[in-house]
Amino acid sequence: MNNELYGFRSIALKEAMHIQRDRATLFFALVIPVVQLLLYGYAIDFDVRHIPTVVVDMDRTRESRDYIQSLHNTQYLDIVRMADSPDEAERAIRSGDCHVGVVIPPDFARLKGGPTPPQVRVMVDGSDSQVATRARFAFVSPPAGPAVDARMNVLYNPNSRTQIYMIPGLAAILLQLITVSLTSASLVREREQGTLEQLMVSPVGRLGLMLGKLAPYFFLAVIEMCAILVMGYLLFDVRVTGSVFQLILMSLPFIVASLALGLLISTSAQNQAQSMQLSMLTMMPSILLSGFVFPLETMPGPLYLLAHLFPVTYFLQIIRGVVVRGANILDLWPNVLALLILMVVIITAATVRFRKSSA
Amino acid sequence: MVAPANAIETHDLTRNFGEFVAVDHLTFNVTKGSIFGFLGPNGSGKSTCIRMLCGVLAPTFGTASVNGFDIVKQPEEVKRSIGYMSQSFSLYRDLTPDENLTFFGGVYGLKGEQLKRRKQSVVELVGLQKYMDRPSGLLSGGWRQRLALAAALIHEPELIFLDEPTAGIDPVARRDLWDLLFDLAGQGKTFFVTTHYMDEAERCNEIAYIYLSKMMVMGTPEQLKSLPEVRPAGTRRVAVAISSPPRGLAALKRQKFALDATLVESEIHLLMPEETTDDQITAILDQEGLPGAVVRRIDPSLEDVFVTITRRLAKT
């Protein structure tokens with residue numbers, strides 16, 4: 001009889017009983033991986049199609065319209081907007097609404113079929129690598145008919161440096177990760193240690209408790225945000241093309257929304273282990289669905305909606321917009337508005353949930 | 001406003017959780033300046049009742065006023081006017097006593113000079129001066145409870161709820177804490193205390209005993225001991241001193257006349273019919289080889305009161 005092994009059978013049986021009793025762990029161990037596999041299996045699609053495209057048609061002839069239609073038919077591009085000038089098209093790209101701009105010259109119909117094919121200017125958004133590489137396919141396999149001289153022009157990140165679009169994205173992901181994990185344990189810890197009971201009999205209001213818990217972490221996260229920007233510049237030479245001040249300003253609702261997401265997790269969890277598991281649960285979609293790895297536009301409908309429940313999805317657009325494309329608040333306001341709404345919704349949800357769980 | 005004579009008044013206070021009735025029509029008053037013992041087995045509804053009286057949980061039915069405030073209409077005023085100390089240490093372990101007191105003082109709106117004065121006053125009261133700068137989690141159980149009491153008193157509440165304040169602390173610390181409570185009650189503070197210790201129950205001015213969500217009995221310890229259901233007609237209680245109490249107990253328990261028998265402080269406490277004589281008992285113990293038993297008449301203890309009442313109800 002080996003004494004070191006003594007008790008193995010009893011311990012193993014007891015542990016199996018624990019697992020059977022702890023439904024939450026069982027759920028996380030069995031169901032969640034399957035669901036996530038299904039989700040991300042569908043999301044992970046490098047074959048990027050339907051890139052939102054803005055077109056400037058200066059010719060306005062049957063030929064130019066046919067050409068636009070043929071671009072649309074390649075399925076690589078989705079013509080979502082017509083602009084009056086190349087400047088307007090560039091604004092649409094800078095704001096993140098479109099990733100490709102096509103400028104058809106006024107002599108398009110006249111030159112078509114002639115000895116010198118018409119020159120079409122193509123602006124490609126360099127702030128998303130997947131889009132930048134895929135957009136070319138629409139033009140290398142030329143639509144039927146005489147050739148068109150498409151001149152590609154990669155905007156914002158002409159050398160296609162990986163860091164230029166990876167660093168801002170990473171910054172957004174890391175910020176959400178940190179903020180969510182900072183606050184997710186805080187309420188649960190008070191519940192476990194019995195201090196919540198003491199607070200409940202005190203005059204502290206629920207919103208006062210929620211916002212009071214957020215405040216110090218908020219300053220911590222803002223400092224973290226600045227540190228990431230400085231590091232990105234010093235180590236990876238990623239410069240903020242737009243206004244640093246505006247970027248920090250727009251990061252504020254993101255930081256509050258993320259911190260509140262952590263609190264919401266905290267109100268749902270019974271103990272710190274569960275709050276950890278739930279934080280992990282938000283991590284995967286934040287990385288895979290936010291547009292960090294795969295462009296948002298190519299995601300199937302339900303995943304596209306799911307992605308927009310996470311603050312990081314909007315902030316990723318903002319930080320890439322400001323850092324890479326030099327976008328400003330006016331270009332990015334829909335994202336800011338969405339973050340503000342999300343912030344209010346999450347704080348309200350956390351406060352309401354807290355009321356129910358503590359009653 | 002005329003100051004109410006009672007710190008707590010409840011009328012038919014009831015709380016249901018779904019089908020389950022956790023607190024069932026409790027009606028009682030707690031006199032100002034008294035130490036009120038709220039007793040009952042675990043799960044009998046004590047905690048639910050306290051949470052209602054603290055303004056945390058709304059009653060399903062009935063009313064209660066605490067320090068003159070209605071617990072349903074004025075829960076915030078109730079919360080401001082009471083102190084609360086729970087069975088488990090519920091202050092921040094990573095903060096020092098000084099920081100904990102500053103925090104809880106701030107929660108109740110104290111600041112500046114006033115906060116400083118109040119802190120000094122409660123620290124001196126519980127004698128915590130030497131321990132103000134170490135993490136509270138490192139204090140021993142007794143000191144932690146003193147700190148918790150200091151925190152509960154920081155805003156000068158008139159009424160303090162103590163939920164099993166002495167669970168798990170040593171006898172000396174327990175005695176010290178009670179001495180402190182007597183002092184404070186003498187100054188006019190009211191204490192609402194739950195406990196499972198009978199010696200602590202004896203120290204209360206008044207006791208309410210609840211069981212299965214209902215009020216069983218209420219009164220001073222003396223009143224409870226003279227209740228008719230605790231002294232059934234035609235019975236008497238005796239204490240039997242003997243050389244081997246466990247063996248004697250086993251022998252007496254076998255007898256038909258032993259209505260209830262237990263060991264208390266190495267004596268056998270026995271409830272038996274009036275007509276059973278002391279000689280009968282000594283004779284039985286003699287046969288068991290336990291000569292020299294001394295029998296004397298006793299009054300029921302509080303433990304007898306609660307055991308008798310609880311068992312009688314469990315039977316029906």
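**Notebook: loops, sheet, cores and contact**

With 8 C-beta neighbours inside 10 Å, B:Glu265 counts as exposed. I am working from a predicted model. I placed B:Glu265 in the loop between strand 12 (260–264) and strand 13 (267–273) of chain B. Its phi is near 50 degrees, a positive value in a residue other than glycine.

I then looked up B:Asn67. Its phi is positive too, at about 55 degrees, although B:Asn67 is not a glycine. B:Asn67 sits in the loop between strand 4 (61–66) and strand 5 (69–70) of chain B.

Next I went to B:Glu275. I found B:Glu275 in the loop between strand 13 and helix 10 (278–287) of chain B. B:Glu275 has 10 C-beta neighbours inside 10 Å and counts as exposed. I also checked B:Glu275 against B:Thr235. The two are 40 residues apart in sequence, and their C-alpha atoms are 8.0 Å apart in space.

**Sheet in chain A**

I traced an open sheet of 5 strands in chain A. The strand order is 2-1-3-4-5, and the pairing is mixed. Which strands stand at the edges? They are strand 2 (77–83) and strand 5 (149–155) of chain A. Each has a single partner strand, so one side of each is left without a neighbour in the sheet. From one strand to the next, the twist averages 25 degrees.

I looked at one pair in detail. Strand 1 (residues 51–57) and strand 2 of chain A run parallel and are joined by 6 bridges. Opposite A:Thr53 I found A:Ile79 in strand 2 of chain A.

Then I took the helices on the sheet. Helix 3 (residues 62–73) of chain A packs on the sheet and touches strand 1, strand 2 and strand 3 (100–104) of chain A. The direction of helix 3 makes about 145 degrees with that of strand 2 of chain A. Helix 4 (residues 86–94) of chain A also packs on the sheet. Helix 4 touches strand 1, strand 2, strand 3, strand 4 (119–125) and strand 5 of chain A. I noted about 170 degrees between the direction of helix 4 and that of strand 3 of chain A.

**Nonpolar cores**

I looked up the largest nonpolar core and found 87 residues in it. Among those with the most contacts inside it are A:Val100, A:Ala257, A:Phe315 and A:Ile346. Helix 11 (residues 244–268) of chain A gives the most to this core, with 12 residues. Why does this core lie between domain 1 and domain 2 of chain A? Domain 1 (51–155) and domain 2 (162–358) both give residues to it, so it lies between them.

Leaving aside neighbours within four places in sequence, A:Ile346 is in contact with A:Ala257, A:Ala260, A:Leu261 and A:Leu264. Another core, of 67 residues, lies apart from the largest one. It includes B:Ala22, B:Val126, B:Leu149 and B:Phe306.

**Contact between the chains**

Last, I checked where chain A meets chain B. The contact takes 11 residues from chain A and 15 residues from chain B. On the chain A side, the largest share is 4 residues from helix 9 (residues 195–200) of chain A. By class, I listed that side as 5 nonpolar, 5 polar and 1 charged residues.

Definitions and conventions:
Residues numbered from 1 in each chain as written. Chains lettered and ligands numbered in written order. Predicted model: local features only at pLDDT ≥ 70, side-chain atom pairs only at ≥ 80, totals over all residues. Contact = placed C-beta atoms within 7 Å. Helix = DSSP H or I, 4+ residues; strand = E, 2+ residues; numbered from the N terminus. Nonpolar A, V, L, I, M, F, W, Y, C, P; charged D, E, K, R; others polar. Pairing = 2+ DSSP bridges. Axes fitted to C-alpha atoms, helices over the stretch in contact; angles between N-to-C directions. Core = buried A, V, L, I, M, F, W, Y, C linked by C-beta atoms within 7 Å. Buried ≥ 20, exposed ≤ 12 C-beta atoms within 10 Å, placed from the backbone. Domains from an automatic or database assignment.
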